[in-house]
Amino acid sequence: MMKLSTIASLLLVGGVASQTICPTELTQSQELTDTLTLYYEVVDNVLCARMESFNEGWLGFGISPSGKRPMHPAEAIMGLPEEGSVLKYDLSAESESGVVPMSDDKQTLMDTNITQADGMTVMTFAKVLDEDQYPLVAGDNTCIYAESTSNAFGFHNNHPHYFVLKLADSSGSDATMKRGFMAIAFGAMAVWFGL
Ligand SMILES: *[C@@H]1O[C@H](CO)[C@@H](O)[C@H](O)[C@H]1NC(C)=O
């Protein structure tokens with residue numbers, strides 16, 4: 001008999017390690033600036049996103065439901081190219097000291113990556129929609145972005161800006177199919193691990 005806790009942790013590992021949640025091609029896109037585009041798609045309960053900037057600098061994406069300044073409290077995902085980190089932060093002020101990484105148990109992003117090449121910065125992440133204080137919902141979301149021309153993190157020249165992110169409801173058959181596929185993948189993993 002396999003222990004339930006073993007199965008549970010296997011499923012967890014499968015969920016985090018499986019890079020299959022997000023498709024390679026993201027179907028939606030939104031131009032945020034002349035040099036910054038957000039590509040995205042909702043798959044199941046996850047926002048798959050890629051920010052592409054024609055600058056070399058840190059990038060940010062956040063949720064700030066008030067829709068007006070000051071932009072805090074808010075949550076943000078920051079990609080710091082030199083650290084190679086893409087993490088979730090709480091924003092309590094628009095200054096460096098007001099930007100604090102969330103605790104480890106809240107660092108739930110998947111498929112994170114930040115790379116720089118040929119004058120471009122590309123950040124990817126997959127984020128569970130309904131988590132933390134400010135969930136993302138189907139329909140309109142009041143979001144913020146930041147695009148820097150420098151890898152040194154700071155808000156002096158890079159104040160975040162608002163935008164509305166429209167998310168589709170992904171409860172359709174496509175999502176159901178992917179859920180089924182993932183269930184099969186997990187099952188296959190369990191077999192692979194000889195459970
Ligand atoms: C990050 O993206 C780059 C460029 O696409 C790729 O070469 C690299 O393997 C990726 N890293 C991870 C950890 O996925």
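## Strands, rings and a pocket

Asn113 has Thr124 in S9 as its bridge partner. Strands here are DSSP runs of E with at least two residues, numbered from the N terminus, and two strands pair if DSSP finds at least two bridges between them. Before going further, please keep in mind that this is a predicted model, in which local features need pLDDT of at least 70 and side-chain atom pairs count only at pLDDT 80 or more, while totals for chains, interfaces and linings use all residues. Residues are numbered from 1 along each chain as its sequence is written, and side-chain values use heavy atoms, with hydrogens and water left out.

**The five-stranded sheet.** Five strands make an open sheet in the order S1-S2-S3-S9-S8, and their pairing is antiparallel. Its edges are strand S1 (28-31) and S8, each of which pairs on one side only. On average, neighbouring strands of this sheet are turned by 15° against each other, direction ignored; the axes are lines fitted to C-alpha atoms, and angles run from 0 to 180 degrees between N-to-C directions. Strand S8 (residues 110-117) is joined to S9 by six bridges, and the two run antiparallel. Ile114 stands opposite Met123 in S9. S8 and S9 form a hairpin with two residues between them, and Asp118 in the turn has a positive phi of about 50°.

**The six-stranded sheet.** A further open sheet has six strands in the order S7-S6-S5-S4-S10-S11, with antiparallel pairing. Strand S7 (99-101) and strand S11 (161-167) are the edge strands, each pairing on one side only. From one strand to the next, the twist averages 35°.

| Strands | Bridges | Residues standing opposite |
|---|---|---|
| S5 (residues 74-80) and S6 (residues 85-91) | seven | Ala74 and Leu91 |
| S4 (residues 59-63) and S10 (residues 139-147) | five | Leu59 and Glu147 |
| S10 and S11 | seven | Tyr145 and His161 |

**Aromatic rings.** Tyr145 also belongs to an aromatic cluster with Phe61, Phe125 and Phe163. The structure holds four aromatic pairs. Rings of Phe, Tyr and Trp (its six-membered ring) pair if their centres lie within 6.5 Å; planes under 30 degrees apart count as stacked, over 60 as edge-to-face and the rest as tilted. Elsewhere, the charged end of Arg50 sits over the ring of Tyr39, 4.7 Å from its centre. For this, NZ of Lys or CZ of Arg must be within 6 Å of the ring centre and within 35 degrees of the ring normal.

**The second largest pocket.** Arg50 turns up again in the lining of the second largest pocket, together with Cys22, Pro23, Thr24, Leu26, Cys48, Ala49, Asp111, Thr124, Phe125 and Ala126. Strand S3 (46-53) and strand S9 (120-128) are the elements that give two or more residues to this lining. The volume of the pocket is about 160 Å³. A pocket is an open set of points on a 1 Å grid over the protein atoms alone, where a 1.4 Å probe fits, with protein on both sides within 12 Å along at least five of seven lines; lining residues have an atom within 4 Å of a point. Grid points are joined across faces, edges and corners, and the volume is the space filled by probe spheres set on the points. The lining divides into seven nonpolar, two polar and two charged residues. Here Ala, Val, Leu, Ile, Met, Phe, Trp, Tyr, Cys and Pro count as nonpolar, Asp, Glu, Lys and Arg as charged, and the others, Gly among them, as polar.

Technical notes
Helices (H or I, at least four residues) and strands (E, at least two) are DSSP runs, numbered from the N terminus.
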